[in-house]
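Hi,

Here is the structure I promised to pass on. Please have a look at it first, and then read my notes below.

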Amino acid sequence: MEQSVTDNTEKSRFEIQDDGELAGFAEYHRSGHEIAFIHTEIDPRFEGRGLGSRLARAALDAARDQQLAVLPYCPFIRGWITKHPEYADLVPATHRARFGL
């Protein structure tokens, strides 16, 4: 199965495709040098295959590449960062306590 993650800027979301079919997305709001993740969803037909993790990693890697500060309002993204502390530096130090990081 081929999986890919793309930034659909028109819809303000990162999308993950599985064999050409939309499997999930991570919605965001971008303002200046910040990106606020607000909602992540994986279609129930694709759950349990690690697609959410792959989507989170790709979205956060893109934020790092673009030198964006991450505001993880989305519980899934926030939880993923908690499990992968090497990404906590993307959240501004002044906001980490607010997000429990």
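A word on terms first: a residue is called buried under 20% relative accessible area, exposed over 50%, and partly exposed in between (1.4 Å probe, protein chains only). This is a predicted model, in which local features need pLDDT of at least 70 and side-chain atom pairs count only at pLDDT 80 or more, while totals for chains, interfaces and linings use all residues. Residues are numbered from 1 along each chain as its sequence is written, and side-chain values use heavy atoms, with hydrogens and water left out.

Now to the salt bridges (a side-chain nitrogen of Lys or Arg within 4 Å of a carboxyl oxygen of Asp or Glu). The structure has 5 of them. In one, Arg-45 pairs with Glu-21, with the closest N and O atoms 2.7 Å apart. Arg-45 lies in the loop between strand S4 (34-42) and H1, and Glu-21 in strand S3 (residues 21-31), so the pair ties together parts that are 24 residues apart in sequence. Helices (H or I, at least four residues) and strands (E, at least two) are DSSP runs, numbered from the N terminus.

Arg-45 is exposed, at 52% relative accessible area, whereas Glu-21 is partly exposed at 34%. Arg-45 also forms a salt bridge with Asp-43 (3.3 Å, N to O), and Asp-43 is partly exposed, at 25%.

Another salt bridge joins Arg-64 and Asp-89 (2.8 Å, N to O). Arg-64 sits in helix H1 and Asp-89 in the loop between H2 and helix H3 (93-96), 25 residues apart. Both are partly exposed: Arg-64 at 33% and Asp-89 at 44%.

Best wishes
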